[in-house]
Amino acid sequence: MPQTAIEAQVEDGGSASKPQRIIKLSKTTDDSDKKGTNKRVKDIEVCVPIVYGTIAFYLGRKASESQSHKWTVYVRGATNEDLGAVIKHVVFQLHPSFNNPTRIVEAPPFELSECGWGEFEIGISIFFHSDVCDKHLDLYHMLKLYPEDESGPQSTKKPVVMESYNEIVFPDPSECFFARVQNHPAVVVPRMPAGFSLPVLAPVENTNEKGRGDTKDHPLSQWFLNFSEADELLKLASARQQVQAHIVKLRRELSVIDGMSQPLKPASSYECT
Amino acid sequence: MDAKDILGLPKTPLPIPQEKKSRPQKDSQRKPDGISREVYALTGGVAPLMPSIDVSQLKRRPPSDEKITWQWLPFTSSARKDDLQLYHWVRVVNGVPPTGDYSFAKYNKSVDVIRYTDEEYEKYLTDPKWTKEETDQLFDLCERFDLRFIIIADRFPTHRTVEELKDRYYSVSRAILVARAPSPGEVAGHPLVKEPYNVTQETERKRALSMVLSQTKHQERKDAEVLAEAKRIAESRMAARAAEEPDLPVPSDVGLESAEGAVGPGDTISPSNVQAPAATIAPSTSVIADNASTLASLRMLRVYLRTYALEQMVQAASSSAGLRTIKRVEQTLQDLGVNLKPKVPTKAVCAEHLELRKEILTLLNLQKQLQYKEAEGSSFRDGSYGDMPGTAKRSQRAADQDRTFVPDTISFGVIPGDRVVKREQKRKGPGRTSETPSSPAGAHKRPRKMKASDL
């Protein structure tokens with residue numbers, strides 16, 4: 001990948017111009033072209049928390065045999081920030097009964113809406129920008145149209161929501177990528193180790209034709225689930241406490257028994273503790 | 001008759017003709033009991049009650065104006081060299097028999113075997129290993145048997161292998177073609193010229209093929225084992241090389257090197273040679289090394305999902321545990337109210353989850369140890385120590401010790417004595433229904449259902 005010094009362009013305003021996301025880099029001393037993206041930041045993990053899933057609405061009166069539900073499958077940032085800085089495009093693989101079942105979404109928000117009647121497994125392949133990673137990630141999600149409790153008729157107002165939380169981890173990111181996303185709201189970047197120097201850049205603004213790439217005011221955002229690690233951490237901490245307490249008790253018991261099984265001594269000198 | 005008297009059955013049976021008539025009708029509508037419908041159908045079974053196809057609906061042939069008769073007539077075939085006359089049925093239309101050659105004559109194909117003249121032989125085709133007579137014989141047979149070399153080899157007067165015969169035939173034909181062609185370019189496209197027969201390659205190929213086919217099952221298994229071992233070693237070597245962990249045990253490296261050297265020579269090594277170093281790797285690789293290699297392999301991936309990473313680490317941590325133990329760990333997690341797969345897998349949550357699993361494994365191991373120790377202890381106690389007065393007292397004390405010990409730690413209303421002893425013998429894992437619903441002091445929530453004997 002050619003990596004030469006290029007201009008950074010920060011465009012303001014909503015002018016619908018082609019996305020120009022190029023970064024100014026200090027030219028590396030190495031001669032070979034590829035070195036730019038190949039220089040990696042050791043021992044630092046860049047993490048992108050995402051939520052992916054489906055929201056399905058029953059069409060009610062407008063429903064037909066073959067199209068009873070309208071559903072949307074999507075990949076969004078866990079805090080609803082724009083993922084466009086990391087993800088280049090997402091490929092949604094639908095059931096073969098759909099026309100063109102391989103749908104490519106090239107700009108955020110990475111989502112796809114369709115009408116149908118059946119539940120099936122949707123393949124979600126996430127492709128990253130070239131300086132991020134050349135391998136893609138495959139996820140799978142089961143489209144759910146029908147609510148858990150089948151009591152009563154389906155409501156057209158309340159959709160069936162299935163979301164999964166996950167984190168995309170880049171164990172040794174390229175310097176270029178790292179520099180680019182240091183202050184990006186969608187990306188979790190640990191503090192730089194001391195003595196590390198990278199040009200700190202202003203985050204590049206995303207000017208893609210769809211407008212904004214974040215999902216904070218997305219029409220479906222009212223149905224988005226909240227994923228808080230606090231509850232789970234609490235549960236885990238309490239569980240660990242219990243287990244540790246039991247371990248202590250068991251260790252004590254074991255030591256007692258071990259103490260008891262001393263070789264035979266005259267009873268008078270035998271001391272039980 | 002007497003039997004019927006005894007049983008009190010009526011002497012006169014039902015009138016027979018009636019019986020016979022009703023039976024076929026009944027049988028045709030019912031299948032015999034005792035076997036399923038499908039099985040009965042296999043034997044031919046009962047005919048369908050209604051005809052499946054209405055005969056009147058079958059396609060009717062349009063009434064034809066022609067008069068068709070079938071006649072037994074003689075015929076000849078251009079494929080035959082003699083004048084043999086055979087007979088067959090012929091469809092005659094309006095008295096006119098069909099014309100033309102026998103319809104199957106066109107399938108009488110044969111191979112164009114190039115025949116050389118004697119002068120051509122002298123000029124181009126002489127070979128130290130073949131006499132002219134042999135070559136002539138070969139070509140006769142080739143023509144006769146359409147290049148079926150297996151048959152030709154069988155019938156060849158002197159003993160020659162199939163490959164030799166093929167080689168001679170193809171090289172002669174090639175030479176003739178080239179010699180007869182006005183210019184070399186013209187025949188360059190001919191398959192005989194383009195792809196000459198490679199005798200050595202063919203012999204080698206057939207030899208290798210027969211070797212593979214004639215491998216005994218035992219040998220096959222050995223080969224597969226060796227390949228799998230080599231693959232495993234190569235993979236672990238890759239992971240070990242990428243690992244920056246300093247605590248990767250050195251013996252495993254040494255073991256890998258020697259194993260690699262053993263794999264080097266190829267498929268002539270004996271599997272035992274490879275397995276010996278592999279066996280030394282296994283015990284020396286501790287769980288730490290497992291974790292290290294998992295981390296290393298994760299780092300080799302440029303990108304991965306947090307859930308995937310957790311799965312790998314869990315697997316590495318439970319690598320020494322059997323399936324039952326893993327199930328018990330999962331049961332414990334459930335009892336503690338923890339999701340088997342975290343709903344919000346952040347870095348912190350995954351780390352905690354992993355630690356929790358490891359701690360539960362430790363707990364289960366300790367329980368097992370305790371169980372064994374107790375089993376030992378109780379047999380110790382019940383053993384034949386009646387002879388020595390001192391020991392009797394000792395065992396008594398030990399039992400007392402147990403009895404007083406247990407209630408100290410379980411502070412929720414356990415009756416010391418028999419009940420405790422019985423419980424000690426029946427040591428079960430956590431997750432059974434608790435017999436004491438109230439928890440002491442309600443200090444913290446107890447989602448986990450436990451037995452007193454678990455402690």
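## Helix pair in chain B

In this predicted model, H5(B) and H7(B) are roughly perpendicular to each other, a label that covers angles of 65 to 115 degrees. The axes of H5 (residues 132-144) and H7 (residues 162-180) of chain B cross at roughly 90 degrees and come within 11 Å. Axes are lines fitted to C-alpha atoms, for helices over the stretch in contact, with angles from 0 to 180 degrees between N-to-C directions. Helices (H or I, at least four residues) and strands (E, at least two) are DSSP runs, numbered from the N terminus.

Contact (heavy atoms within 4.5 Å) joins Thr135(B), Leu138(B), Phe139(B) and Cys142(B) of H5(B) to residues of H7(B) including Leu165(B), Arg168(B) and Tyr169(B).

## Sheet in chain A

An open sheet of 4 strands has the order S4-S3-S6-S7 in chain A, with antiparallel pairing; strands pair if DSSP finds at least two bridges between them. S4 (102-105) and S7 (137-142) of chain A are at the edges with a single partner strand each, so one side of each lacks a neighbour in the sheet. Strands S3 (residues 87-93) and S6 (residues 121-128) of chain A are joined by 6 bridges. Gln93(A) has Gly123(A) in S6(A) as its bridge partner.

## Contacts of Phe128(A)

Leaving out residues up to four places away in sequence, Phe128(A) touches residues including Ile168(A), Phe170(A) and Val303(B).

## Conventions

Residues are numbered from 1 along each chain as its sequence is written, and chains are lettered from A and ligands numbered from 1 in the order written. Local features need pLDDT of at least 70, side-chain atom pairs count only at pLDDT 80 or more, and totals for chains, interfaces and linings use all residues; side-chain values use heavy atoms, without hydrogens and water.

Notes
Parallel < 35°, antiparallel > 145°, perpendicular 65-115°, else oblique.
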